[in-house]
Amino acid sequence: MSCTTRPSRFPRVSLNFLRRLFSSCFHSLTQKAEQCLAEVIVDMTMISFTSLPETVLVQILSHLPAKYLITVVRMVCKQWRELIDGSSLWVIKCQREGLIPKNIRRSPKDWRTFYILSSLKRNLIKNPSAKEDFDHWHIARRGQHKWRIETLPAECRMMLSDERVEKYFVTSFWESQKEQLIDLQEEGYWSELMDNVNPPIVVTDWYAARTDCGCRYEVCVQLLSQHHGVLHEFRPERLILQQCSDSEWRQMTHTFRNYGVGVRYIRFVHGGRDTQFWGGLYGIRVTNSKVVIEPEDLT
């Protein structure tokens with residue numbers, strides 16, 4: 001086979017596409033490097049880009065963003081599709097970024113999915129601990145004296161398992177509720193990923209009463225469809241904390257699993273009130289709320 005002959009089963013890879021590909025890998029190129037790269041790419045397109053050893057090709061592709069690999073690069077040819085559908089490329093990306101399964105004795109069943117969910121993993125609740133006042137929260141019910149923000153005593157921060165939490169939201173008498181609506185598409189969780197994998201959705205919230213006044217705590221988390229229809233809901237019974245109880249911080253947690261297809265939004269609502277109808281801020285206190293999509297069930 002001459003150097004100008006290309007295997008017929010591989011499509012011709014455009015010069016512009018390969019330039020974008022390598023530029024994505026190495027981020028910035030000098031003018032001279034760009035010229036050299038163009039000459040190299042021209043030569044490669046003449047003999048077939050797929051003639052590179054697979055180990056080299058995998059290393060190059062592993063520098064590209066995951067979504068770009070899946071939605072664009074995977075469509076170039078059969079060989080690239082097989083590499084992207086395999087595990088080696090995703091193991092390299094996981095090692096490079098320090099993404100390690102909690103159970104190190106067992107490998108993920110699907111390294112690609114594990115990488116994607118691990119790299120996306122974060123708290124989807126914005127401003128969970130009042131660092132930005134009430135930004136990102138919708139106040140559904142204000143109570144008599146509205147929601148307020150108070151400083152968390154230093155000795156209480158250890159109870160929350162996170163010493164970075166310095167503030168909390170507090171309610172008064174009458175109903176007080178605030179909420180956030182999470183758009184999964186905007187957060188990077190595209191439809192096929194949620195529908196095909198059903199990764200666990202873990203919800204946590206921290207709450208506490210005062211020692212001198214009873215209060216009520218309530219929380220509701222809904223998985224919603226594209227048109228905001230309720231597909232699944234977690235709504236435990238309202239919790240009454242009696243007057244003269246301790247003021248320790250407690251954690252509420254729930255995990256959604258096997259929720260099927262169609263989940264596009266998550267609505268998180270919490271709040272409460274005091275039970276004595278005292279004037280002032282004597283109601284439930286809440287902070288450090290979290291909604292996290294976990295990859296751990298894949299191990």
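The model is predicted, with local features requiring pLDDT of at least 70, side-chain atom pairs counted only at pLDDT 80 or more, and totals for chains, interfaces and linings using all residues. Residues are numbered from 1 along each chain as its sequence is written, and side-chain values use heavy atoms, with hydrogens and water left out.

We may begin with the helices; here helices (H or I, at least four residues) and strands (E, at least two) are DSSP runs numbered from the N terminus. Helix α6 spans residues 88-97, and its buried residues (under 20% relative accessible area, with exposed over 50% and partly exposed in between; 1.4 Å probe, protein chains only) are L89, W90, I92, K93 and C94. These buried residues pack against α3 (54-61), α4 (66-71), α5 (78-85) and α7 (111-120), contact being heavy atoms within 4.5 Å. Just after α6, G98 adopts a positive phi of about 70 degrees. Helix α5 contains Q79, which counts as buried because its relative accessibility is 10%. Although Q79 and E54 are 25 residues apart in sequence, their C-alpha atoms are 9.1 Å apart in space.

Turning to the strands, two of them pair if DSSP finds at least two bridges between them. An open, antiparallel sheet is formed by 5 strands in the order β2-β3-β11-β5-β9. At its edges stand β2 (148-151) and β9 (250-256), each with a single partner strand, so one side of each lacks a neighbour in the sheet. Neighbouring strands are turned by 35 degrees against each other on average, direction ignored, with axes fitted as lines to C-alpha atoms and angles running from 0 to 180 degrees between N-to-C directions, for helices over the stretch in contact. Within this order, β5 (201-208) and β11 (285-293) pair over 7 antiparallel bridges, and W206 has T287 of β11 as its bridge partner.

Antiparallel pairing joins β6 to β10 (265-274) over 10 bridges, with C215 opposite D274. Strand β8 (239-241) pairs with β6 over 3 antiparallel bridges, where R216 faces I240. Strand β7 (230-234) pairs with β6 over 4 antiparallel bridges, and V221 stands opposite F234. A hairpin with 5 residues between its strands is formed by β6 and β7, and H228 in the turn has a positive phi of about 70 degrees.
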